[in-house]
Amino acid sequence: MDHTTENITTLNSNDTNRVDREKIQRAITMLLEAVGEDPSREGLLDTPKRVAKMYEEMFSGLNSDPKEYFKTVFNEDHEELVFVKDIPFHSMCEHHLVPFYGKAHVAYLPKDGKVTGLSKLARAVETTARRPQLQERITSTVADAIMEMLAPHGAYVIVEAEHMCMTMRGVKKPGAKTVTTAARGIYEEDHVLRNEVMTLLKMD
C-alpha cells in the first residue's frame, strides 16, 4: 500500500482578523490596574499596544473557515492513505485565555481520486487554532471539514498538546500532554486502518 506523508514546519500567516485594538488596550490597562500594577511605569507603557497587536494575530482565525482551504481539489489516481504528521500549532484556551500548543496529525483516505494540496491540511489546522479554542473542537472541526469538502472514505485526526492552564495554575503538572482524536467515515469502525495511522505516527 502506498502512503503519502510529510512533515510541516510552522506557517507564518500574514492574515489578521480586524479587531478593536483600542478596546483591547483599555482592557489591558484596566487589568494591570486591577492586579495592583502601575500601567504608567516605564516597563508597562507599551504593554497594552503590544498585547492588542498580539491578540489580533492570535485570534486571526475567528472570521475564517477551514473548509475554504479544501475548495481546490485535484483528481489523481490515488486512493491510498494520505497522512500529514507533526503539524505544529498554538492556540488560546477559551476557559482561561492562556496558551496551549502542540502538534496535529491529519490522515484521510481519498475517494474517487479526490485529493487536496498537503499544505492545505496544515493551514486548516492553523486557521482553526487561531481563536479562543478547545483542543477537542480543533480535532473535530478539522476532521469534519475534510469529510464535508473532500468526501473521502474517511478521515482521522490526532492532536496532542500541552496546556498552560495545567502547567501554570491548578494542578501545575508541566510536561503533561492531552491527546484527542476524531475518526470519521471508515475510520470509525475499521480498527486495522486506525492502527495503520498510529503505526506511521510512531515512525521517524
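**Briefing on a predicted protein chain**

Leaving out residues up to four places away in sequence, His 96 touches Cys 165 and Arg 169, where contact means heavy atoms within 4.5 Å. The structure is a predicted model, in which local features need pLDDT of at least 70 and side-chain atom pairs count only at pLDDT 80 or more, while totals for chains, interfaces and linings use all residues. Residues are numbered from 1 along each chain as its sequence is written, and side-chain values use heavy atoms, without hydrogens and water.

**Overall architecture**

- The protein chain has six helices and eight strands; helices (H or I, at least four residues) and strands (E, at least two) are DSSP runs, numbered from the N terminus.
- Along the sequence, these elements follow the pattern β-α-α-β-β-β-β-α-β-α-β-α-β-α.
- Taken along the principal axes, the C-alpha atoms fill a box of roughly 65 × 35 × 25 Å.
- Of the 204 residues, 43% count as buried, that is, under 20% relative accessible area, with exposed meaning over 50% and partly exposed lying in between (1.4 Å probe, protein chains only).
- Among contacts between residues at least 6 apart in sequence, 74% join residues at least 24 apart.

**Annotated binding site**

- An unreviewed UniProt entry gives the annotation "binding site" to Cys 93, His 96 and Cys 165; positions follow the numbering used here, feature names are shortened, and annotations may be inferred rather than shown by experiment.
- These residues span 73 residues in sequence, yet no two of their C-alpha atoms are more than 7.9 Å apart, so they gather at one spot.
- Cys 93 lies in strand 3 (residues 82–93) and is buried, with a relative accessible area of 6%.
- Apart from neighbours within four places in sequence, Cys 93 is in contact with Val 98, Phe 100, Gln 133 and Cys 165.
- His 96 belongs to the loop between strand 3 and strand 4 (99–109) and is partly exposed, at a relative accessible area of 37%.

**Aromatic pairs**

- Rings of Phe, Tyr and Trp (its six-membered ring) pair if their centres lie within 6.5 Å; planes under 30 degrees apart count as stacked, over 60 as edge-to-face and the rest as tilted.
- Tyr 55 and Phe 59 form a tilted pair, because their ring centres are 5.3 Å apart and their planes stand at 40 degrees.
- Phe 59 is buried, its relative accessible area being 12%.
- Tyr 156 and Tyr 187 form a stacked pair, because their ring centres are 5.8 Å apart and their planes stand at 15 degrees.
- This pair links distant parts of the chain, 31 residues apart: Tyr 156 is in strand 7 (residues 154–163), and Tyr 187 is in the loop between strand 8 (178–185) and helix 6 (191–202).
- Both Tyr 156 and Tyr 187 are buried.
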